[in-house]
Amino acid sequence: MLSPLSSAASRADATPEPAPVVVTGATGYVGGRLIPRLLEAGCRVRAVGRSLDRLRIRAWASHPAVELLEADILDRSALLRASQGCRVLYHLVHTTRPAPAAITGLDLQGARNLSAAAAAGAGSPKTNATAPS
Ligand SMILES: NC(=O)c1ccc[n+]([C@@H]2O[C@H](COP(=O)([O-])OP(=O)(O)OC[C@H]3O[C@@H](n4cnc5c(N)ncnc54)[C@H](OP(=O)(O)O)[C@@H]3O)[C@@H](O)[C@H]2O)c1
């Protein structure tokens, strides 16, 4: 299976693809490093985070192929908007509140919410999720 990075890089022209690659956890360590790589590969990116203010200060935020979108992983209607029309989704959210004991449950609930939204909004895009560490 080709990753979006390799498939985009192998295209002859550098025209951004019409369907975006969605990255949740865009303000996080992994998401913030993945997005520049996707842009270099010619992908359109929908960067999803809890705070538009925190997204806007990223170096890649004003790139013409980037769309910023605010969505909490527990907000199902926001996740529907976030996943609408995407072709690939990288889920890189890692919750840190309210307490360590609740983290795994919140991460799991968030992943389920996003999976359901993606299936409803985008016709089951490829999903790349990381397991809670
Ligand atoms: N870092 C590593 O070396 C590493 C290695 C292997 C796997 N992973 C996995 O990769 C994933 C991401 O890790 P990371 O290190 O990038 O984590 P991180 O730096 O802690 O970032 C977590 C991201 O999740 C977002 N987030 C937290 N709660 C949210 C919520 N309720 N709704 C929406 N977004 C929420 C945060 O947004 P805010 O800015 O709004 O807080 C942030 O963007 C995790 O599953 C982790 O286990 C990480």
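Let me begin with a backbone detail: which residue just after α2 takes a positive phi? That residue is Gly42, with a phi of about 90°.

Now the ground rules. This is a predicted model, where local features need pLDDT of at least 70, side-chain atom pairs count only at pLDDT 80 or more, and totals for chains, interfaces and linings use all residues. Residues are numbered from 1 along each chain as its sequence is written. The pLDDT is the predictor's confidence in each residue, from 0 to 100. For the protein chain its mean is 83, and 73% of the residues reach 70 or more. Among the elements, helix α1 (residues 4–9) has the lowest mean, 57, and helix α3 (residues 52–56) has the highest, 98.

Next, the layout. The protein chain has five helices and five strands. Helices here are DSSP runs of H or I with at least four residues, strands are runs of E with at least two, and both are numbered from the N terminus. In sequence order the pattern reads α-β-α-β-α-β-α-β-α-β.

Four bridges join β1 to β2 (residues 45–49), and the two run parallel. Two strands pair, by the rule used here, if DSSP finds at least two bridges between them. Val21 stands opposite Val45 in β2, and the bridge partner of Val23 is Ala47. β1 also pairs with β4 (residues 88–91), again in the parallel sense and over four bridges. There Val23 stands opposite Tyr90, and Thr24 stands opposite His91.

β2 in turn is joined to β3 by five bridges, also parallel. In β3, Val66 is the bridge partner of Val45.

What about the faces of these strands? In a regular strand the side chains alternate between the two faces of the sheet. In β1, Val21 and Val23 point one way, Val22 and Thr24 point the other way, and all are buried. Buried means that 20 or more other C-beta atoms lie within 10 Å of the residue's own; exposed means 12 or fewer, partly exposed is in between, and the C-beta atoms are placed from the backbone. In β2, Val45, Ala47 and Gly49 go one way, Arg46 and Val48 go the other, and all are buried. β4 is covered on both faces as well, with Val88 and Tyr90 on one side and Leu89 and His91 on the other. Over the whole chain of 133 residues, 32% count as buried.

Now the helices. β1, α2 (residues 29–40) and β2 make a right-handed β-α-β unit. Right-handed means that, with the strands pointing away from the viewer, the path from the first strand over the helix to the second runs clockwise. Which residues of α2 are buried? They are Gly31, Leu34, Ile35 and Leu38.

Leu38 counts as buried because it has 24 C-beta neighbours inside 10 Å. Leu38 and Val21 are 17 residues apart in sequence and 8.3 Å apart in space, C-alpha to C-alpha.

In α4 the buried residues include Leu79, Ala82 and Ser83. They cover an arc of only 85° around the axis, which puts them on the same side of α4.

Last, the core. A nonpolar core is a set of buried Ala, Val, Leu, Ile, Met, Phe, Trp, Tyr and Cys residues joined through C-beta atoms within 7 Å. The largest one has 28 residues, and Val21, Val22, Val23, Val45, Ala47 and Val48 touch the most other members. At least two residues of this core come from each of β1, α2, β2, β3 (66–70), α4 (76–83), β4 and α5 (100–122).

Definitions and conventions:
The arc is that of the directions from the helix axis to the C-beta atoms.
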